[in-house]
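Please look through the model below with its aromatic side chains displayed.

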Amino acid sequence: MAVPAEEAYYRFVVLFFNCMLTFGSYFCFDIPSVLQDQFQGNLTCPNATVINGTSPNTTEVCVEGLGMSPQQYNLLYAIYAWTNAVVVIMAGFLIDKLGNRFGVFLFSFLTVLGSAIFALGSHFKGTPALLPLMLTGRLLFGSGNGSLTIVQNRITAFWFRGKELALAFGLTLAFSRLGSVLNFFLTQRFEAHFGMEWTLWGGTLLCVLGFLSAITVSVLDKVGMKQLGLDGVIQEESRKVRVQDVRLLSLRYWLLVFTIMFFYNGIFPFIADASKFIQDKYSGYDQKEAAYIAGAVYDSSLVLSATVGIVIDYIGLRGIFAVLCAVLTLPVFGLLAFTFVPPLICTIWLGVTYSFAAASMWPSIPLVVPQATLGTAMGLATSVQMVGIGLSNLVVGQILGTKSSEAKIPLWRWQRMMIFMLANTISCIATATALNFVDHRQGGTLNKTTKRSAAAPPPVSDREPLVGEEGEGDADRQEEEE
């Protein structure tokens, strides 16, 4: 008689609470994007010509806010990315060494602590303590959220390996993006009624929801492991994980990592400034409408992620999709830079390519690394991704200028930013093409269809590498060449 952990319903219950881990933290992550005008607004509006960013009686707009410059504002995103880049490497190794349950508790707690300090910083408006407190909050928040995603992916990869892997990754992305979408729809309204401080504390409360989900998924994971008789085996294998295992990571893995980095370099830095860009370039959009349009990237991802996951589970072709996503993203930034095509078209288009990229790139990592080093591999991939995003945020901050007194950022500065996004997308095409070439020479694992995958011999053990003895095969080939 099958135990509950072997049934499909059990792994989907695990998946639900696993998805909830990052719902609140993704809501919090882009709150500055929705409230960019408030973050960069004037400390005071003496003539009382402003009501929540709109001025009914004058053409001038005075937004009362925290008084940050564009450079300081982009630093909120840069420090998140830089922190991830440093922390997730060690976090991935610790998760491999100490297990999922250790990681899920520690990193979900850090998201709560970081978001609380970030919210606390808003109470020090107009003082020297404002920026240090908010940066400290983003630092701790980034340490937790990036690492929490690694645990989330590791749990998903274990419970859905050889089953509905891309669908499971797609659903975790969909839940995360649901948090992002609700942020774009609700945060500006909430801030208009309750103010900046209570809005940020509301985000902290959602991170507490993630911590409660962490407790639940830990219990389910522990019970399931015991029912499958794998708890002791996994703990024993975790003790064997060494830093030197990074040498097992193949060229395919590194090409995949850089493909992910260059693609995301064009997504997150754009979304961080998209609301301001839409208001500056296109006439007739207020802050709320601009936030909705910018959030369409996440809306598309939310709607499509699960369906795209099912498609990729069925047909494979992950490497081909990686190239196509980058190629089809090129026109988006070209249209934004040099035309006045309605921005909603571009953000929906970007959301579609983002959905396919996320569902094809991240689930490919478990296919090219041994299971025992999956946490480390995910950590390194996230680190490189965040280094790229951090650099991109700093570059964008320099391109857009540093004077908060500017009511509008000049169009030529926005064009330069979009050209920078185009350069990253072209680099993504180059690395994705190289990835397909190398993958083809090593058996075409990433582009296998369902029929070809089904024909492959099943793994002898549930904890073996997902791709045969890839590390040993690579070593053997190197010895023969030498």
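F268 counts as buried because its relative accessibility is 11%, where buried means under 20% relative accessible area, exposed means over 50%, and partly exposed lies in between (1.4 Å probe, protein chains only). This is a predicted model, in which local features need pLDDT of at least 70 and side-chain atom pairs count only at pLDDT 80 or more, while totals for chains, interfaces and linings use all residues. Residues are numbered from 1 along each chain as its sequence is written, and side-chain values use heavy atoms, with hydrogens and water left out.

The structure holds 25 aromatic pairs. Rings of Phe, Tyr and Trp (its six-membered ring) pair if their centres lie within 6.5 Å; planes under 30 degrees apart count as stacked, over 60 as edge-to-face and the rest as tilted. Helices (H or I, at least four residues) and strands (E, at least two) are DSSP runs, numbered from the N terminus. Y354 has a relative accessible area of 0% and is therefore buried.

Why is the pair of F263 and Y264 edge-to-face? The planes of these two rings stand at 70°, with the centres 6.2 Å apart, so the pair falls in that class. F263 and Y264 are both buried. Ring pairs join these residues into a cluster that consists of F29, F39, Y73, Y77, Y80, F118, F141, F263, Y264, F268, Y354 and W362.

The charged end of R138 sits over the ring of Y77, 5.0 Å from its centre, and over the ring of F118, 5.7 Å from its centre. The rule asks for NZ of Lys or CZ of Arg within 6 Å of the ring centre and within 35 degrees of the ring normal.

Turning to the cysteines, the count of disulfides is zero, a disulfide being a pair of cysteine sulfur atoms within 2.5 Å. The closest cysteine sulfur to that of C28 is in C207, and because the distance is 3.6 Å, the two are too far apart for a bond. C28 is buried, with a relative accessible area of 8%, and C207 is buried, with 2%.

D221 is placed in helix α8 (residues 165-228). A relative accessible area of 3% makes D221 buried. Leaving out residues up to four places away in sequence, D221 touches N100, R101 and W159, where a contact means heavy atoms within 4.5 Å.

At the level of the chain, there are 20 helices and zero strands. Of the 482 residues, 57% count as buried. Among contacts between residues at least 6 apart in sequence, 84% join residues at least 24 apart.

Confidence is given by pLDDT, the predictor's confidence in each residue, from 0 to 100. The chain has a mean pLDDT of 79, and 82% of its residues reach 70 or more. Over residues 450-482 the pLDDT is below 50, and this stretch has 39 contacts in the model beyond near neighbours in sequence. Where pLDDT is low, the predicted coordinates should not be read in detail.
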